[in-house]
Each structure stands twice: as C-alpha cells, then as structure tokens.
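This report looks at one protein model from its overall make-up down to single residues. Please keep the sequence and the coordinates at hand while reading.

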Amino acid sequence: MQKLYKNIFITLTLIGVLTTSCEITDVTDVDPVYQVSEDKVITNVDQAQTVLYGVYGVLIDGLDYIVYMPAVTSMMGTTMKPGVWGGGAENAFFTNNVTSDNYYLEYMYTKMYFLINNANHVITKTEALQTEDVRKQEIIGEAKFLRAQSNFYLLRLFGEFFDMDSAYGIVLKTQPISNADPQARANVNDVYDLIIDDLNFAIENAPDFSNTFYGSKLAAKALRSKVALYQKDYVTAATLAKEVIDANERQLEESFGDIFTKKIDNPNEVLFQTPFDNLNDRNNKAFMLRAYFGLSDDYVALMETDARYEDAIAFTASGSIRNNKFNGSTYNGVPLTADTQYFMRLAETNLIYAEAILRSNNDIEAAKGAVNTIRERSGNPLLTTNDPQELLNAIRIEKILELGTEAGEEWFDLVRFHKEGDININDYKELPSETRLILPLPNQTVELSEGIIKQNPGY
C-alpha cells in the first residue's frame with residue numbers, strides 16, 4: 001500500500017507538470033503534454049509503469065469517481081436522495097431535471113476526460129517503445145481498460161447508450177490532446193466499438209488478476225460482459241460473465257456484511273476498486289453520503305423486508321439513517337475517514353449472467369440459479385417463479401437489493417428495461433421528459449465548441 005501511494009504521489013506530481021485540468025469543461029481544453037518533455041517522459045518500461053500509476057491516481061484524486069458519479073446516478077434512480085446539506089444542485093438529479101449549468105456535470109465530465117487523456121499518453125508512448133519486455137503489453141492493456149471504463153461511464157451518463165443508431169454518443173479521444181480544436185461527438189456505435197476494442201485488448205494483454213487495485217484480464221472480461229449487456233448482445237454477455245464466474249479467481253464473501261467491512265483487507269469478491277488509507281486519501285466519502293447524499297425512502301422501505309437490511313442501513317442514536325455500506329471504515333483496527341469505490345464485484349457479474357442467459361435463450365433455471373446464489377449468500381428466500389417476465393423483473397430488483405447505493409446501477413437498469421419495453425420508467429421515477437434518460441453535456445463544453453459539439457436533445 002505504501003509503495004502504491006508513493007508511486008501515485010510521485011506520478012501525480014509528474015502529471016501535474018505535464019497534463020493539467022482547467023476549470024473550463026470543453027473536453028479539448030485540457031493542457032497537452034508539453035512538447036519539450038513529451039519525448040522524454042516515457043522512454044522505457046519503468047517510466048511507463050510510473051506514469052500508469054498516475055492514471056490510477058486520477059480515480060482517487062477528488063470525489064468525482066468515488067462519490068459524485070455513484071451518488072448522483074443513485075439519486076436519478078430510486079436508492080438515494082439529497083442529504084441534509086443537499087441543495088438545488090443535488091435535488092436536480094433526484095427530480096431528473098438537471099440543467100447544463102449544474103456544476104456536478106462539469107466535475108464528472110472533466111475528470112473522466114482527464115483520465116482518458118493521461119491513459120492516451122501512456123498508451124501511445126508505451127506502444128512506441130522498442131522492447132521485448134512483456135510488461136509493455138500489460139501496461140497498455142491496463143491503460144486501455146481504464147480508458148474503456150471512463151468512456152463507458154461517459155456514454156451511459158451523457159450519450160444515448162440504449163440506441164446503437166444514435167448520433168448522440170460522446171467525443172472520442174485516442175491521442176494525447178495537443179491543441180484546443182473542438183471535436184464532434186462520435187455516434188453511439190463507434191463509441192461501443194472503441195470500448196470493445198480496448199477491453200478485448202485488455203482481456204488478451206493485461207496482467208492476470210493479482211489484487212483489486214489494478215486492471216486485469218478478469219476485470220476487463222467482467223466489464224466486457226457488462227458492455228455487451230448494454231448493447232443487447234446477450235449471448236456474449238452471458239458467455240463472458242460465466243467465464244468470469246467459473247474462473248474461480250474471485251469468490252463471493254461468506255456474508256453480505258463482509259463486503260463492506262473487509263474493504264481493502266483482502267476482499268474476496270471485488271474485481272476492481274479504488275485504494276484508500278487514512279493518511280494519504282481523506283476523501284470523506286462517509287461524510288458526503290450522509291451530509292449531501294442520503295438514502296431514499298423507497299430504498300429504505302424496500303430493504304426493510306430483506307435480510308440485508310441491517311448491513312445496508314444503520315441508524316444513529318438520534319434515529320438518523322446512515323448508508324451502512326459506506327459508514328466509516330477501519331483498517332487493521334484503525335478508524336479511517338476515507339472509503340473505497342467498488343467499480344465491480346462478482347455479485348454483479350452473477351446478476352449480469354442471470355439477465356443475459358434469460359434474455360438470450362430463455363434459460364430460466366440457469367437464471368434462477370445465478371440469482372439464488374446471491375440470495376442464498378444474503379440469507380433470503382430463493383426465487384421459485386418460472387415465469388420469464390416475473391423472473392426478469394426479480395433480477396432487476398435483486399440488483400437494487402444487492403448493489404443499491406453503490407454505483408447507481410439501478411438507474412441504468414430502469415433506462416434499459418424501459419427501452420426494452422419491460423417496464424414504464426415513469427412507474428418508478430416520473431420523468432419531466434423522455435429526454436431525461438440521459439444528462440446534458442456541460443454548458444461550457446457546448447458553447448466553447450462553436451457549434452461543433454451538439455447538446456443532447458431537449459436541453
């Protein structure tokens with residue numbers, strides 16, 4: 001851990017000199033790698049490794065990936081609401097009526113492109129190295145995994161990810177930014193193509209799984225199965241998810257509560273997460289998830305009949321509700337002010353498999369078996385229905401019970417199921433307009449592009 005943070009600290013200092021993020025949120029308005037240093041920064045594999053640590057460092061630099069993205073999407077869904085300190089900016093997500101000048105948009109949008117720009121620097125410069133060192137391809141694989149994850153997040157939040165024919169994808173960047181020229185958005189299909197290419201490369205070339213803090217073949221395959229689910233390529237989603245499960249490189253925790261008490265202390269089922277410790281990364285996630293972002297009434301009511309209730313929800317002495325998944329942590333018995341973000345864990349892969357195998361070939365028994373593995377672990381009654389539509393909805397609800405408040409997955413499920421015709425999203429969240437299925441691009445990004453970057457319809 002100390003070695004990891006030492007490297008991240010050194011690299012963030014280096015990256016701060018080379019690539020800095022501006023307040024303006026135009027995606028092209030990220031300072032380029034300075035030409036005087038560009039050809040000297042990565043001249044060997046050791047330097048590439050050091051700069052790669054800096055790309056990972058972007059994930060823990062600030063609250064964007066750790067708090068804002070999971071919290072605002074959970075508020076767009078059904079599991080969170082503005083906390084006691086939450087105001088208009090937070091409430092806009094809860095009411096699904098976000099305007100393009102909302103500052104959370106700027107924070108998230110800019111940070112994701114900042115990571116992508118740094119990943120592009122690693123990818124392009126490491127590809128140019130003349131070496132037989134096997135670590136070269138692994139480094140590129142990890143950087144492409146990180147780029148794919150950020151592009152997927154951007155597409156789900158700001159693009160019409162549910163329509164492969166839509167022109168409203170995102171701006172794709174595959175080279176370090178070297179000028180301030182605005183670039184038009186790619187269509188959704190092209191965005192998926194880059195994400196898939198990056199993940200396929202990572203599956204082939206990233207390192208084998210070693211710990212939860214770094215990209216790996218296994219994490220890339222799990223994310224690839226999730227992307228296939230969103231593309232409605234259910235055969236591929238089911239196949240890859242099953243391969244991740246059957247690899248036995250990760251196992252479900254013995255109890256649901258263990259997931260949120262072990263954190264970084266040898267977790268069994270986490271596939272990829274952010275590191276944290278009390279000295280170097282005081283991200284105050286537990287505080288933010290009660291002061292600015294609280295639990296919704298619907299989520300609390302849903303959990304009351306589930307065996308996971310006490311592990312997911314806590315109460316103070318005065319009766320205030322807390323998100324017990326991120327309610328302060330300890331490491332080696334020492335209380336921490338920081339907390340982690342689970343980008344993906346094995347339970348979600350099980351539920352991806354359940355939905356994909358049901359949608360692809362109507363395999364009710366396989367789908368029930370995958371869901372019941374999760375329900376058995378949490379001490380809940382097993383599903384018995386043999387009705388495909390009932391089972392499909394039960395899978396969606398199980399994801400709320402298992403993953404609620406962690407990453408906002410229930411919101412994206414509502415959108416996907418709505419677009420598939422399985423549900424009417426307004427029965428769960430009444431939207432001002434169908435255009436509110438995605439967020440607007442930050443206002444300055446559109447304005448500074450002088451018409452090249454088009455705003456999402458309805459904004």
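## Confidence in the model

The structure is a predicted model, and the mean pLDDT of the protein is 90, with 88% of its residues at 70 or more. Residues 1-40 have a pLDDT below 50, although this stretch has 91 contacts in the model beyond its near neighbours in sequence.

## Overall make-up

The protein contains 19 helices and eight strands, and of its 459 residues 60% count as buried. When contacts between residues at least 6 apart in sequence are considered, 70% of them join residues that are at least 24 apart.

The accessible surface of the protein amounts to about 17500 Å², and carbon and sulfur atoms account for 48% of that area.

## Helix 18 and its surroundings

Helix 18 covers residues 409-420, and its 12 residues reach 16 Å from the first C-alpha to the last, which is close to the 16 Å expected at 1.5 Å a residue. Because 10 of these 12 residues are buried, helix 18 is largely enclosed by the rest of the structure.

Just after helix 18 comes Gly-421, which takes a positive phi of about 85°.

Ser-225 counts as buried because its relative accessibility is 0%, whereas the cut-off for a buried residue is under 20%. Leaving aside residues up to four places away in sequence, Ser-225 touches Ala-237, Leu-240, Ala-241 and Ile-352.

## A nonpolar patch on the surface

Val-84, Trp-85 and Phe-287 together make a nonpolar surface patch of about 350 Å². Is Trp-85 buried or exposed? At 52% relative accessibility Trp-85 counts as exposed, since the cut-off for that class is over 50%.

Definitions and conventions:
Residues are numbered from 1 along each chain as its sequence is written. This is a predicted model: local features need pLDDT of at least 70, side-chain atom pairs count only at pLDDT 80 or more; totals for chains, interfaces and linings use all residues. Side-chain values use heavy atoms; hydrogens and water are left out. pLDDT is the predictor's confidence in each residue, from 0 to 100. Contact means heavy atoms within 4.5 Å. Buried means under 20% relative accessible area, exposed over 50%, partly exposed in between (1.4 Å probe, protein chains only). Helices (H or I, at least four residues) and strands (E, at least two) are DSSP runs, numbered from the N terminus. The expected span of a helix is 1.5 Å times one less than its number of residues. Patches are made of residues with over 30% relative accessible area and no salt bridge: like charges are joined within 9 Å, nonpolar side chains (Val, Leu, Ile, Met, Phe, Trp, Tyr) within 5 Å. Accessible areas come from the Shrake-Rupley method with a 1.4 Å probe; for residues, only the protein chains shown count as cover. A salt bridge is a side-chain nitrogen of Lys or Arg within 4 Å of a carboxyl oxygen of Asp or Glu.
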